[in-house]
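Biologist: Please pick one part of this model and walk me through it closely, with the cut-offs spelled out as you go.

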Amino acid sequence: MFDFFSYIVGSLVDIVRYISHAVIVVFHNVVLLAVIVAFLYGIFRLCRYGLQQLRHLRSGGPSDKSPPKDTQDDGLE
């Protein structure tokens with residue numbers, strides 16, 4: 001009779017172990033997927049910004065993010 005209960009308890013422990021392992025694997029995959037999506041989104045934004053800058057350069061206008069130009073006085077009056 002004791003063997004039967006130890007078998008049931010052992011089976012329950014195995015089931016809990018398998019479920020906890022599955023939860024850890026799913027959590028790991030979700031975190032990995034979030035990191036990949038964030039990386040791809042960053043690359044997409046960088047490419048979009050680069051294309052915007054190329055359009056500004058092709059149109060001949062100054063880019064929005066260009067530093068202000070220094071005005072130098074030659075001292076001629």
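**A charged pair and its surroundings**

Modeller: Happy to! Let's start with D14, which counts as partly exposed because its relative accessibility is 31%; that class lies between buried, under 20% relative accessible area, and exposed, over 50% (1.4 Å probe, protein chains only). Before going on: this is a predicted model, where local features need pLDDT of at least 70 and side-chain atom pairs count only at pLDDT 80 or more, while totals for chains, interfaces and linings use all residues. Residues are numbered from 1 along each chain as its sequence is written, and side-chain values use heavy atoms, leaving out hydrogens and water.

The partner of D14 is R17: the two form a salt bridge, with their closest N and O atoms 3.3 Å apart. The term requires a side-chain nitrogen of Lys or Arg within 4 Å of a carboxyl oxygen of Asp or Glu, and the structure holds one such bridge. Side chains of opposite charge can pair when their charged atoms come close.

Both residues sit in helix α1, three residues apart, or about one turn of the helix. Helices here are DSSP runs (H or I, at least four residues), strands are E runs of at least two, and numbering starts from the N terminus. The protein chain has one helix and zero strands. Helix α1 covers residues 2-59 and also includes F5, which is partly exposed because its relative accessibility is 46%. The 58 residues of α1 should span 86 Å at 1.5 Å a residue, and its end C-alpha atoms are 85 Å apart, so the two agree; the expected span is 1.5 Å times one less than the number of residues. Just after α1, G60 takes a positive phi of about 90 degrees.
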